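Subject: Structure handover

Hello,

The structure is below for you to open alongside this message.

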Amino acid sequence: MIKKSALILATVPFVLFASCRKETPVKAKESPLKLFMAEVNHEDSICGKMDLAFKQKVEELSDGKILIDLKCSGILGDEAQVMKILQSETPTIHLARISASLAKYGGKKSKLLSIPFTFSNAEHFWQFASSDIAKEIINEPYELKLGMRGLFYGEEGFRHFFSTEEISGIADMKGKKTRVSGQVLTDLAKSLGAEPVEIPFTNIFVSLQTGKIDVAEQPLSNYLADNFHKAAPYIILDGHMLGTVQVVISSKTWDSLTEKQQRILTAAGKYASDYCRKIAAESEEKIKAQLTAEGVKITTVDDISPWQEACRKMISESSKDYPELYEKILKLNSQH
C-alpha cells in the first residue's frame, strides 16, 4: 500500500508543471486579412493576369498575412454592380479592376484618359503613368471622398470595333447598333454615325448572337479571351482609344489598413503595373495571329484621320473642363 506522503510527493511535479502552463498560455494564431477583388474579364486576359500578379505579390510581401481572393469573369457582378458595393458604407468587395475613367462614379479629371485618340501609342500612356499628372488624377477620387482610392494604372491595348458583319471603314459604322457603357462610348458611337445601345459587359456575347447589337468594342486581348470572335468574327483595327484601366480599393478598407499594409499594397501595385506593361506589349501580334488562324477577318486602317475628324467635336467637348491638364497629357508623347 502506498503511503500518503509518497503519493503527495509524486503529484508535486505534475502540479508544478500544470501551474507553469497556465502562466504561459499559447497565443492564438492571428488570422490573415482577406480582401475580395473583382475582375470582369477572364483570368487569361491581360487584366486578369495583371490582377493575379498583384495578388501574388501582396501575399508574398505580407508573408501570407494579406490574402487577395480574386474573382474573375464577372463572378461578383459587372463593373457598376461591383462599384456600388465597393463604395458602400460596409463594402464586401474591397478591390476592383475598372476603367481608368471614373466619370460614372463622380471622378472628373480621369475622364480625360478615355477621350478617343488621346494616346498615340502605348509608350505615350506609360510616360503618363509614371508622371506627376498620373498621381494627381489617380488620387482625385480619394480626395473627393468618392469611397475609393486609386492604387495603380494598367492598359490592355488599343480598343477596336468588332462586328457580326464586315466593317471596312467609317462609313460602314452608320446606323449600326453599337454596344456602349457610359457617356464617352455613347458620344463616340454617335460621332461615328452609329446607334448606341447600353449593354453590360457580361451581356455582350449573347447580345451579338441575338442581334440586339451589331457592333461592340474591346482590346484584342478581351476580344479573344472572352470568345467574342465566335459571335462577331470581323474586327477593324481603328484603335479609337487605349484600354486604360486602374485598380481601386475601397476607402473604408484603405483607411482600416496599417501603414505597413498600405505600403505592401502600393509596392505590389507598382509590380503589377510593370508586369502589365510587359505582357501588353508582347501579346498583340500573338493574338492577331491566333485570331487569323481561327478565321477572324482583320481589317487595318491605313488613314485614321477621317475617324479623328468625326470625333473632333466630342474631343473638344470632353476636355473643356480641364483643357490645360489635357494638353499636358498630349505633350507627354513629344517628351518621350
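The protein averages a pLDDT of 91, and 90% of the residues score at least 70; pLDDT is the predictor's confidence in each residue, from 0 to 100. Over residues 1-22 the pLDDT is below 50, and beyond near neighbours in sequence this stretch has one contact in the model, a contact being heavy atoms within 4.5 Å. Where pLDDT is low, the predicted coordinates should not be read in detail.

On conventions: this is a predicted model, in which local features need pLDDT of at least 70 and side-chain atom pairs count only at pLDDT 80 or more, while totals for chains, interfaces and linings use all residues. Residues are numbered from 1 along each chain as its sequence is written, and side-chain values use heavy atoms, with hydrogens and water left out.

Core

The largest nonpolar core has 63 residues, of which F54, L95, F128, L151, Y153 and L265 touch the most other members. A nonpolar core here is a set of buried Ala, Val, Leu, Ile, Met, Phe, Trp, Tyr and Cys residues joined through side-chain atoms within 4.5 Å. Buried means under 20% relative accessible area, exposed over 50%, and partly exposed in between (1.4 Å probe, protein chains only). Helix 10 (residues 259-293) gives the most to this core, with seven residues. Helices (H or I, at least four residues) and strands (E, at least two) are DSSP runs, numbered from the N terminus. A second, separate core of 20 residues includes L208, Y223, A232 and L237.

Leaving aside neighbours within four places in sequence, the contacts of L95 include F54 and L151, along with L35, F36, I68 and V248.

Helix 2

Helix 2 covers residues 46-61. Its 16 residues, at 1.5 Å a residue, should span 22 Å, and the end C-alpha atoms are 22 Å apart, which agrees; the expected span is 1.5 Å times one less than the number of residues. The buried residues of helix 2 include F54, and also I46, M50, D51, K57 and V58. D63, which follows helix 2, has a positive phi near 55°.

Helix 3

Which residues of helix 3 (residues 79-86) are buried? They are E79, V82, M83 and L86. These residues lie on the same side of helix 3, because they cover an arc of only 95° around the axis, the arc being that of the directions from the helix axis to the C-beta atoms. An α-helix has 3.6 residues a turn, so residues three or four places apart point the same way. Among the elements covering the buried residues of helix 3 are strand 1 (33-38), strand 3 (95-99), strand 4 (148-163) and strand 8 (234-250).

At the N-terminal end, D78 caps helix 3, with a side-chain oxygen 3.2 Å from the backbone nitrogen of A80. A80 is found in helix 3 and counts as partly exposed, at 49% relative accessibility.

Positive phi in two loops

Most residues other than glycine have a negative phi, and most peptide bonds are trans. F117 is not a glycine, yet has a positive phi of about 60°. F117 sits in the loop between strand 3 and helix 4 (122-129) and is buried, with a relative accessible area of 17%. K145 is not a glycine either, and has a positive phi of about 55°. K145 is in the loop between helix 5 (132-143) and strand 4; at 74% relative accessibility, K145 counts as exposed.

Three further residues

Y142 lies in helix 5 and is partly exposed, at 30% relative accessibility. Leaving aside neighbours within four places in sequence, Y142 is in contact with M148, R149, S251, W254 and D255.

Q262 lies in helix 10. Is Q262 buried or exposed? At 18% relative accessibility, Q262 counts as buried. With neighbours within four places in sequence left aside, Q262 is in contact with W254 and L257.

S250 is in strand 8 and counts as buried, at 1% relative accessibility. The side chain of S250 reaches the backbone nitrogen of K252 at 3.2 Å. Not counting residues up to four places away in sequence, S250 touches L86, P91, H94, G147 and M148.

Regards

Key
Polar contact = N/O pair within 3.5 Å; in protein donor to acceptor, adjacent residues only side chain to side chain.
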